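Reader: I would like to learn how to read a fold from its coordinates, one feature at a time. Could you take me through an example?

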Amino acid sequence: MERRYPNAQVEVWSLDEHRLGLKPIIRKIWAPVGQRPIAEVDHRYEWTYLYGFVHPATGDTEWFILPRVNGEWFNQALQSFAQQVGAGKHKQILLVLDGAGWHTCKNRVVPPGIHLKVLPPILQSYSR
């Protein structure tokens with residue numbers, strides 16, 4: 001990349017997402033001996049996702065909390081990340097990521113100054 005952009009600063013960053021959320025708490029209840037206890041359970045889940053961009057050379061991080069992981073939200077995270085780090089003509093970012101479906105989706109929009117490198121499948125299994 002340095003040959004293609006001789007007048008630009010080039011940085012390597014990595015990205016991964018993590019799901020955070022709440023599950024219903026299972027509790028014990030009293031019931032008469034010989035009778036099956038009856039308890040109402042709320043089976044809904046509430047999730048949110050943490051997108052973490054890391055610059056390994058310096059430890060700098062950019063965090064985004066978003067409600068979903070899909071192509072649309074990935075595009076929004078990329079756009080926000082590019083603005084935060086100043087990616088563009090004078091700063092090129094090589095972003096290393098795993099092969100999640102939304103990283104390679106058809107509606108992906110990569111901002112100027114960002115270059116995506118998806119790890120091959122054999123390396124993805126070692127990174128977990």
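This is a predicted model: local features need pLDDT of at least 70, side-chain atom pairs count only at pLDDT 80 or more; totals for chains, interfaces and linings use all residues.

Reader: Which elements does the protein chain have, and in what order do they run from the N terminus on?

Author: Helices (H or I, at least four residues) and strands (E, at least two) are taken as DSSP runs and numbered from the N terminus. Here the protein chain has two helices and five strands, and their order from the N terminus on is β-β-β-α-β-β-α. Of its 128 residues, 29% count as buried, where buried means under 20% relative accessible area and exposed over 50%, with partly exposed in between (1.4 Å probe, protein chains only).

Reader: How many bridges join β1 to β2, and how many join β1 to β4?

Author: Two strands pair if DSSP finds at least two bridges between them. Strand β1 (residues 9-22) is joined to β2 (residues 46-55) by nine bridges, and these two run antiparallel. Six bridges join β1 to β4 (residues 91-97), and this pair runs parallel. To locate the pairings in the model, take Asp16, which stands opposite Gly52 in β2, and Trp13, whose bridge partner in β4 is Leu95.

Reader: Which residues of α1 are buried, and which are exposed?

Author: An α-helix has 3.6 residues a turn, so residues three or four places apart point the same way. In α1 (residues 71-85), the buried residues are Gly71, Phe74, Asn75, Ala77, Leu78, Phe81, Ala82 and Val85. They lie on the same side of α1 because they cover an arc of only 160° around the axis, the arc being that of the directions from the helix axis to the C-beta atoms. The face turned away from this buried side carries the exposed residues Glu72, Gln83 and Gln84. With contact defined as heavy atoms within 4.5 Å, the buried residues of α1 pack against β1, β2, β3 (60-66), β4 and β5 (114-118).

Reader: Is Glu17 buried or exposed, and which residues is it in contact with?

Author: Glu17, in strand β1, is buried, with a relative accessible area of 14%. Leaving aside neighbours within four places in sequence, Glu17 is in contact with Leu50, Tyr51, Val69, Phe74, Trp102 and His103. The side chains of Glu17 and His103 are joined by a polar contact of 2.7 Å, and those of Glu17 and Trp102 by one of 3.2 Å.

Reader: Is His55 buried or exposed?

Author: His55, found in strand β2, is buried, with a relative accessible area of 9%. Not counting residues up to four places away in sequence, His55 touches Glu11, Val12, Trp13 and Asp60.

Terms used. Residues are numbered from 1 along each chain as its sequence is written. Side-chain values use heavy atoms; hydrogens and water are left out. The expected span of a helix is 1.5 Å times one less than its number of residues. A polar contact is a pair of N or O atoms within 3.5 Å; within protein, one must be able to donate a hydrogen and the other to accept it, and residues adjacent in sequence count only if both atoms are side-chain atoms.
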